[in-house]
Amino acid sequence: MLTILSVLIPVVLLVALGWFLGWRKIFDESVSNGLNLFLLNVSIPAIFFYATYKIDISNLLNPRFIAAYILLFFIVFIATYIIFRVGPKRSHVQSTLAANCSAVTNFGFVGLPILLLVIGRSILPSMAILMICYAAIILPCCIFMLEWDSQNQSASATAFNAFKKSIRHPFVIFTLLGILCSALHIKLPVFLVNFIQYVENTLTPCALIAVGLELSSAKLKELEEIAVFSIIMMIVRPILGFLIVFLFHLKPLYATIIILTFALPTGKTCFVLAKTYNHYVKESSGIISLTTLLSFITIPLSLIICYHLWPTTFVVRV
């Protein structure tokens, strides 16, 4: 429990720091915009590249694991989209971004360090799979949904435009470069590896401070709405995770990864995407912050249950 808290407490403190800097007007909106551009084009692509570069390409394919993750993602995504369109009657773009917040989790720099601590390096190929699924399948689908509303064109034309945008997206480009380097056994020079790691290490502080900056200007009404949304989501997602892994009869390692992935807080990329389309921005930042707080409960509980179900998967006691 102390190990998990030692990972999560700095995350919350960074969000609080961003909120304080925005509340005291030390940083303004231009700082937040700059941070998000840096995240979108530099820090996040570096994570995708380095994760796939470090993994043996032959270890990346696991059809049942991939199918379970994608199915669970789209169950949550579609259900949230329908609820927001029918209930609060939000616009198509807002409903899409809300659905994105409900289904995309922070497996990159919350899930990964926790799993490395409690399970070990055996989780790296599977975490790389999740990154590739997001960059190659999920992100294009989200862009397709967002572009469909913004342009008066056929579905096929919208799909083609979404594909073009996705294939040019830094996430996809650097993921493909990482896979290529891994497949060709290209060894990068030490100075370049160190440089990439330095850039990668900027992701957590920049993303969380940017989230806090946005949250500092959120209105009370917005916070009330996203609080209810976040609580329901953080209860339902892990439960669905347990159902899916038993339905697909996944091995303990893959089952633990899927369950923990959907017990994690909302991913920081949701905020970046909301900022890019200038919709659901404050709500996204609030959801990320609140789900981060709620993950103090969902992550330990999920790990404790997984440990009792599959104790040999773990390298430390939970």
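Colleague: Before we start, what counts as a helix here, and what's a lining residue?
Modeller: Helices are DSSP runs of H or I with at least four residues, numbered from the N terminus. A lining residue of a pocket has an atom within 4 Å of one of its grid points. Keep in mind that this is a predicted model.

Colleague: Okay, which element gives the most to the lining of the largest pocket?
Modeller: That's α5, with five residues.

Colleague: And which elements give two or more residues to that lining?
Modeller: Those are α2 (29-53), α5 (107-118) and α6 (124-150).

Colleague: How many residues line the largest pocket, and which lie nearest its centre?
Modeller: The lining has 18 residues, and Y50, L112, L116, L124 and E200 are the ones nearest the centre. The space in the largest pocket comes to about 400 Å³.

Colleague: What classes of residue are in that lining?
Modeller: There are twelve nonpolar residues, plus three polar and three charged.

Colleague: How many residues apart are L14 and L208 in sequence, and what's the gap in space?
Modeller: They're 194 residues apart in sequence, while their C-alpha atoms are 5.7 Å apart in space.

Colleague: Now the cysteines. Is C133 buried or exposed, and why?
Modeller: C133 is buried, because its relative accessibility is 5% and the cut-off for buried is under 20%.

Colleague: What about C181?
Modeller: C181 has a relative accessible area of 11%, so C181 is buried too.

Colleague: And how many disulfides?
Modeller: The count is zero.

Technical notes: Residues are numbered from 1 along each chain as its sequence is written. This is a predicted model: local features need pLDDT of at least 70, side-chain atom pairs count only at pLDDT 80 or more; totals for chains, interfaces and linings use all residues. Side-chain values use heavy atoms; hydrogens and water are left out. On a 1 Å grid over the protein atoms alone, a cavity is a set of points where a 1.4 Å probe fits but cannot get out, and a pocket is an open set with protein on both sides within 12 Å along at least five of seven lines; lining residues have an atom within 4 Å of a point. Grid points are joined across faces, edges and corners, and a volume is the space filled by probe spheres set on the points. Ala, Val, Leu, Ile, Met, Phe, Trp, Tyr, Cys and Pro count as nonpolar, Asp, Glu, Lys and Arg as charged, and the others, Gly among them, as polar. A disulfide is a pair of cysteine sulfur atoms within 2.5 Å. Buried means under 20% relative accessible area, exposed over 50%, partly exposed in between (1.4 Å probe, protein chains only).
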